[in-house]
Amino acid sequence: MNKLLNDILKKCYPYRKEGRVANYIPELAKANTDEFGICVAYDDNVYTAGDFAKEFTMQSVAKPVILLLTLMDKGEQKV
């Protein structure tokens, strides 16, 4: 699994500069776009790659989680 995560990290890393940091949000404006990490917890195991131990703001990370919970609660048709 760690090899897979490292392969994903290497493949996706070049794309980190394609977007823009939301500098109108103070905490996101501080983001270092060179930092990129992956952490997957599965079946009592933790797998990591890259800068997984760096602290980061949850503002943008929460969006997919909220979408997933909304889809589970309301269903794809309503969302």
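Residues are numbered from 1 along each chain as its sequence is written. Because the model is predicted, local features need pLDDT of at least 70 and side-chain atom pairs count only at pLDDT 80 or more, while totals for chains, interfaces and linings use all residues; side-chain values use heavy atoms, with hydrogens and water left out.

**Confidence and overall form**

The pLDDT is the predictor's confidence in each residue, on a scale from 0 to 100. Its average over the chain is 90, and 99% of the residues score at least 70. Confidence is highest in strand β2 (residues 45-50), with a mean of 96, and lowest in helix α2 (residues 26-29), with a mean of 87.

The chain holds three helices and two strands, in the order α-α-β-β-α from the N terminus. Helices (H or I, at least four residues) and strands (E, at least two) are DSSP runs, numbered from the N terminus.

The radius of gyration of the chain is 15 Å, whereas a compact globule of 79 residues would have a value near 12 Å. This quantity is taken over C-alpha atoms, and the globule rule is 2.2 Å times the number of residues to the power 0.38. The C-alpha trace spans about 40 × 35 × 20 Å along its principal axes. Of the 79 residues, 9% are buried; buried means under 20% relative accessible area, exposed over 50%, and partly exposed in between (1.4 Å probe, protein chains only).

Helix α3 has 13 residues and reaches 18 Å from its first C-alpha to its last, close to the 18 Å expected at 1.5 Å a residue. The expected span is 1.5 Å times one less than the number of residues. The number of buried residues among the 13 of α3 is zero, so the helix lies largely in the open. L69 is found in this helix (residues 62-74), and together with V65, L68 and M72 it makes a nonpolar surface patch of about 420 Å². Such patches consist of residues with over 30% relative accessible area and no salt bridge, nonpolar side chains (Val, Leu, Ile, Met, Phe, Trp, Tyr) being joined within 5 Å and like charges within 9 Å. Accessible areas come from the Shrake-Rupley method with a 1.4 Å probe, and for residues only the protein chains shown count as cover. Just after α3, G75 takes a positive phi of about 90°.

**Salt bridges**

A salt bridge is a side-chain nitrogen of Lys or Arg within 4 Å of a carboxyl oxygen of Asp or Glu. By this rule the count comes to six, including those below.

| Salt bridge | Closest N and O atoms |
|---|---|
| D7 and K3 | 3.0 Å |
| D34 and K17 | 3.5 Å |
| E27 and K30 | 2.9 Å |

D34 lies in the loop between α2 and β1 (37-42) and K17 in the loop between α1 and α2, so the pair ties together parts that are 17 residues apart in sequence. D34 is partly exposed at 38% relative accessibility, as is K17 at 47%. R16, K17 and D34 are linked in a network of salt bridges.

D7 and K3 are four residues apart in helix α1 (residues 2-12), and therefore about one helical turn separates them. D7 is partly exposed, at 36% relative accessibility, whereas K3 is exposed, with a relative accessible area of 59%. In the remaining tabulated pair, E27 is partly exposed at 43% relative accessibility and K30 is exposed at 61%.
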